[in-house]
Amino acid sequence: MVEIDFLTESDREQWYALARGKDAYFNVERPEASYERTWRRLLDDERIRGIAARLDGTMVGIAHYLFHASVWYSEKCYLADLFVDPEVRRQGVATAMIEFVAQDAEKSGSPALYWNTLEDAPARALYDKVGTFHEGLVLYTYRRAPGRGAAGS
């Protein structure tokens with residue numbers, strides 16, 4: 001059975017391994033300081049949350065989400081990251097984490113939970129079961145001039 005709970009200080013090393021695994025899977029490189037900053041936010045910022053999924057006591061999945069203001073709603077909940085160890089995929093871990101986040105969002109008064117993913121992501125099979133696909137929705141991100149990164153990222 002999958003057990004889901006909020007991250008605690010004792011989860012640090014296992015979280016680092018899974019966070020790095022997520023980044024390797026998506027071919028993302030981050031400086032070490034980004035992991036430390038994100039870890040602190042997950043534990044210290046009341047609007048940013050992290051959860052761990054465990055099978056037989058071993059952490060096998062992580063999810064990060066945040067609550068933010070919305071123009072038309074009181075607030076929304078954005079599922080920013082969801083990663084399950086490849087060795088235990090297709091055992092209900094990701095579904096359990098999404099359901100946990102949805103319940104937490106509802107308890108927190110957030111009427112909307114949303115996320116995005118890559119068009120060819122294998123996880124879309126699950127997302128099509130638990131979410132509503134918005135065909136035609138196009139995501140844009142601002143293109144900065146070369147050499148100008150986002151401050152404080």
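Contact here means heavy atoms within 4.5 Å. This is a predicted model, in which local features need pLDDT of at least 70, side-chain atom pairs count only at pLDDT 80 or more, and totals for chains, interfaces and linings use all residues. Residues are numbered from 1 along each chain as its sequence is written, and side-chain values use heavy atoms, with hydrogens and water left out. Helices (H or I, at least four residues) and strands (E, at least two) are DSSP runs, numbered from the N terminus.

**How α1 and α2 pack**

- Helix α1 covers residues 12-25 and helix α2 residues 32-44; they pack at an angle of about 125°, with their axes 11 Å apart. The axes are lines fitted to C-alpha atoms, for helices over the stretch in contact, and angles run from 0 to 180 degrees between N-to-C directions.
- That angle makes α1 oblique to α2. By the scale used, angles under 35 degrees count as roughly parallel, over 145 as roughly antiparallel, 65 to 115 as roughly perpendicular, and the rest as oblique.
- The crossing of α1 past α2 is right-handed. A crossing is left-handed if the near helix is turned anticlockwise from the far one by less than a right angle, and right-handed if clockwise.
- From α1, the residues Arg-12, Trp-15, Tyr-16, Ala-19, Arg-20 and Asp-23 meet Glu-32, Tyr-35, Glu-36, Thr-38, Trp-39, Arg-40 and Leu-42 of α2.
- The residues of this contact of α1 with α2 divide into six nonpolar, one polar and six charged. Here Ala, Val, Leu, Ile, Met, Phe, Trp, Tyr, Cys and Pro count as nonpolar, Asp, Glu, Lys and Arg as charged, and the others, Gly among them, as polar.

**Aromatic pairs**

- There are eight aromatic pairs in the structure. Rings of Phe, Tyr and Trp (its six-membered ring) pair if their centres lie within 6.5 Å; planes under 30 degrees apart count as stacked, over 60 as edge-to-face and the rest as tilted.
- Phe-6 and Phe-100 have ring centres 5.3 Å apart and planes at 75°, so this pair is edge-to-face. The pair links distant parts of the chain, with Phe-6 in strand β1 (residues 2-6) and Phe-100 in helix α3 (residues 93-107), 94 residues apart.
- Phe-6 counts as partly exposed, at 35% relative accessibility.
- Trp-15 and Trp-39 belong to one aromatic cluster with Tyr-16 and Tyr-35.

**Tyr-65 and its surroundings**

- Tyr-65 lies in strand β3 and counts as buried at 1% relative accessibility.
- Along the chain, Tyr-65 and Tyr-78 are 13 residues apart, and their C-alpha atoms are separated by 5.5 Å.
- Leaving aside neighbours within four places in sequence, Tyr-65 is in contact with residues including Phe-6, Phe-100, Tyr-78, Val-101 and Asp-104.

**Leu-43 in α2**

- Leu-43 lies in helix α2 and is partly exposed, at 26% relative accessibility.
- Beyond its neighbours within four places in sequence, Leu-43 is in contact with Leu-7, Thr-8 and Glu-9. The C-alpha atoms of Leu-43 and Leu-7 are separated by 7.1 Å, while the two residues are 36 residues apart along the chain.

**Exposed residues to look at**

- Asn-27 sits in the loop between α1 and α2. Its phi is positive, about 55°, although Asn-27 is not a glycine, and at 69% relative accessibility Asn-27 counts as exposed.
- Asp-56 is found in the loop between β2 (48-55) and β3 (58-68). Asp-56 has a positive phi near 50° and is a residue other than glycine; with a relative accessible area of 79%, Asp-56 is exposed.
- Glu-106 is in helix α3 and is exposed, at 64% relative accessibility. Glu-106 and Lys-76 are 30 residues apart in sequence and 9.9 Å apart in space, C-alpha to C-alpha.

How values were computed
Buried means under 20% relative accessible area, exposed over 50%, partly exposed in between (1.4 Å probe, protein chains only).
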